[in-house]
Amino acid sequence: MNPFPQEFYRQLIPNGRRRAPWHDYYSRSIYMVTLNKAPHIPPFSNLTGIPGNHDFKPRAIPTETGKIIASTISSLKESFPFIKILRRVIMPDHIHFVIFITEKTEYHLGEIIRQLKSTSTSRYHEMAKSLSTHNSANTQNLPSIFEDGYHDRILLKKNQLQKMLKYVSDNPLRRLERMQHSGFHHRVKILDSSTGKEYETYGNLTLLDDPDIEAVKISRRYTPAELRNHKLNWLRTIENCGVLVSPFISENEKKVRNWAMENNGRLIIVLNNGFGPRFSPKGQLHDLCTQGRLLLVAPLTFSQSRPILTRESCTSMNDLAKSIAEGKIIKLQPN
């Protein structure tokens with residue numbers, strides 16, 4: 001069942017390259033854009049560094065191909081003077097950059113991306129031609145160095161920009177951390193800096209770094225208009241590939257959770273009981289963890305008998321969800 005206002009309903013297709021139907025891509029906006037490397041192209045960069053080592057910080061060192069891409073990104077302003085590149089990172093198999101379209105324009109974001117991709121591809125093949133012993137090779141109509149399409153994340157909230165910039169900058173760190181701890185079935189402690197309380201997590205810890213995390217809470221005090229606006233915001237978060245966080249206590253909150261699960265959404269679920277010594281999620285939750293779409297957050301204490309939900313415990317879980325959405329969480333060392 002669709003929990004969102006009917007006028008906003010559309011069946012979502014699990015595709016990270018879809019465009020937001022409610023957004024004007026010619027408008028003054030900020031986006032985080034992701035372009036993936038084509039399979040036949042060598043890495044755009046090499047990763048170096050050690051997570052947690054201040055003398056050897058994780059970073060991505062561009063290859064010659066990566067340098068071409070970086071140079072092309074820098075030169076975009078020559079053709080599109082109304083843009084600003086706020087942050088970028090060239091990863092081995094993809095690139096991220098944050099682009100600010102400073103005014104309403106006749107150019108769709110896709111046109112800017114197409115020029116970046118075509119120019120980078122042309123320069124790459126020119127480089128390959130110069131290094132080849134068969135210099136007669138034609139550089140026209142050669143395959144792109146990028147996969148088809150692109151993925152954009154739209155800046156929706158005022159406090160989201162710094163999270164978005166940090167997300168881009170920390171890409172090498174997160175990749176190296178994932179290489180050290182492959183998979184998403186791990187337990188790691190976190191600290192809520194607003195309360196000083198520690199919690200334990202299970203699943204994809206990098207969801208905490210997402211620049212677009214929205215807390216889900218449905219209150220009886222909401223007016224119909226307020227509830228409608230909240231639901232629209234949650235729907236846009238799912239469509240924008242963001243993360244919903246909540247204990248999902250009420251039946252209506254559970255409907256939002258289930259909708260996100262069914263439509264390729266990503267979730268942080270706050271629990272009211274600890275994991276126990278041999279905890280492992282079952283069924284759909286296990287599958288979501290494996291896919292990197294779920295993080296479970298629980299108190300450190302575990303009770304064999306399921307704790308009864310009280311007004312106080314519900315308030316505490318919703319407060320934690322709010323802290324997560326506001327970026328007030330500190331990651332502690334893995335167990």
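Guide: Let's start with the word pocket: on a 1 Å grid over the protein atoms alone, a cavity is a set of points where a 1.4 Å probe fits but cannot get out, while a pocket is an open set with protein on both sides within 12 Å along at least five of seven lines, and lining residues have an atom within 4 Å of a point. By that rule the largest pocket is lined by 44 residues, with Leu 173, Glu 177, Leu 205, Asp 209 and Lys 331 nearest its centre. One caution: this is a predicted model, where local features need pLDDT of at least 70 and side-chain atom pairs count only at pLDDT 80 or more, though totals for chains, interfaces and linings use all residues. Residues are numbered from 1 along each chain as its sequence is written, and side-chain values use heavy atoms, with hydrogens and water left out.

Visitor: How much space lies in the largest pocket?

Guide: About 1200 Å³. That volume is the space filled by probe spheres set on the grid points, which are joined across faces, edges and corners.

Visitor: Which elements give two or more residues to that lining?

Guide: Helices H3 (161-169), H4 (171-180) and H8 (311-325) do, along with strands S7, S8 and S13 (329-334). Helices (H or I, at least four residues) and strands (E, at least two) are DSSP runs, numbered from the N terminus.

Visitor: And how do the lining residues divide into nonpolar, polar and charged?

Guide: 16 nonpolar, 16 polar and twelve charged. Here Ala, Val, Leu, Ile, Met, Phe, Trp, Tyr, Cys and Pro count as nonpolar, Asp, Glu, Lys and Arg as charged, and the others, Gly among them, as polar.

Visitor: Why does Ser 323 count as buried?

Guide: Buried means under 20% relative accessible area, exposed over 50%, partly exposed in between (1.4 Å probe, protein chains only). Ser 323 has 6% relative accessibility, so it counts as buried. This serine is in helix H8 and touches Asp 192, Ser 194, Lys 328 and Ile 329, leaving aside residues up to four places away in sequence. Contact means heavy atoms within 4.5 Å.

Visitor: Why does Ile 41 count as buried?

Guide: Its relative accessibility is 4%, so Ile 41 counts as buried. Ile 41 lies in the loop between strands S1 (29-36) and S2 (45-48). With residues up to four places away again not counted, Ile 41 touches Thr 65, Tyr 124, Ser 144 and Ile 145.

Visitor: What makes strand S8 mostly covered?

Guide: Five of the seven residues in S8 (residues 197-203) are buried.

Visitor: How do you know that S7 and S8 pair, and in which sense?

Guide: Two strands pair if DSSP finds at least two bridges between them. S7 (residues 187-192) and S8 are joined by six and run antiparallel, so they pass. Ile 190 stands opposite Tyr 199 in S8. The two strands form a hairpin with four residues between them, and Gly 196 in the turn has a positive phi of about 80 degrees. S8 also pairs with strand S12 (residues 294-299), antiparallel over five bridges, where Glu 200 has Ala 298 as its partner.

Visitor: What makes S4 and S6 the edge strands of their sheet?

Guide: That open sheet has four strands in the order S4-S5-S1-S6, paired antiparallel. S4 (83-90) and S6 (151-154) each pair on one side only.
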